[in-house]
Amino acid sequence: ANDSIFDNLNLDDFSMSATINLNGYSSLGCDGSESNFVSVIRNDGEFNLMIKEGKIHAEFFEGDNFTSISSTISLDLYENYNILISKQNDNFEILLNDEVIDFTTAQGSASLSDTFYIGKSPYYCQSFNGYIYDVKVKSESIEIGDWRFNQSIEGSNLEILIDHSGNRYHGTISGATWLENIEGCTDPLAGNYNEEAIIEDGSCE
């Protein structure tokens, strides 16, 4: 997406959210080494939303320093989750499927220029393994971007990620695979597990 959309972003009144289905807790770094980070929203140098060791992990940068928050619970694989991270000045909140959950905070330092990516970092790679259904960014309660991965495999804009906020901050899709939405039981331990299903329909027995 166009980086200029974040030029005047107020990170003291900010939220970012994503609906995901995670298929793995690890990823590969750009050097080919295994990483325990999985990218969801990456704007290194400004804000990040990731999965770290199976837990929700967000970072907010101020100069060369950043504050990170990490959930105390882990996400299950092959489950749909809606994650929302909000920041009001120095007050943070994590909502998982509309419920507030506990988290820990930490401080760190890094120096990177910002580039907005979904599902991958241009600096560290750490690509997302699973399904990303939508991503939203708001500042001062105003919707900045609303990107939805909801085209069919016969869609007419398979290389363009459409911004539905009305701001026309469309992005370029690279390295993703479009799949048909097949509903069924996604629990590998269930008797009626459907290995082709990517959307849980509540039929597991």
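A disulfide is a pair of cysteine sulfur atoms within 2.5 Å. The structure is a predicted model, in which local features need pLDDT of at least 70 and side-chain atom pairs count only at pLDDT 80 or more, while totals for chains, interfaces and linings use all residues. Residues are numbered from 1 along each chain as its sequence is written, and side-chain values use heavy atoms, with hydrogens and water left out.

**View A. The disulfide between C30 and C125.** The sulfur atoms of C30 and C125 are 2.0 Å apart. The torsion about their S-S bond is about 105°, so this disulfide is right-handed. C30 is partly exposed at 44% relative accessible area, whereas C125 is buried at 16% (buried means under 20%, exposed over 50%, partly exposed in between, with a 1.4 Å probe and protein chains only).

**View B. The disulfide between C185 and C204.** Here the S to S distance is 2.0 Å. With a torsion of about 110° about the S-S bond, the disulfide is right-handed. C185 is buried, at 1% relative accessibility, and C204 is partly exposed, at 31%.

**View C. An open sheet of 6 strands.** The strands (DSSP runs of E, at least two residues, numbered from the N terminus) follow the order β10-β9-β8-β1-β13-β14, with antiparallel pairing; two strands pair if DSSP finds at least two bridges between them. At the edges lie β10 (99-101) and β14 (142-148), each pairing on one side only.

**View D. The loop residue D90.** D90 is found between β8 (80-88) and β9 (91-96). Its relative accessible area is 66%, so D90 is exposed.

Technical notes. Helices (H or I, at least four residues) and strands (E, at least two) are DSSP runs, numbered from the N terminus.
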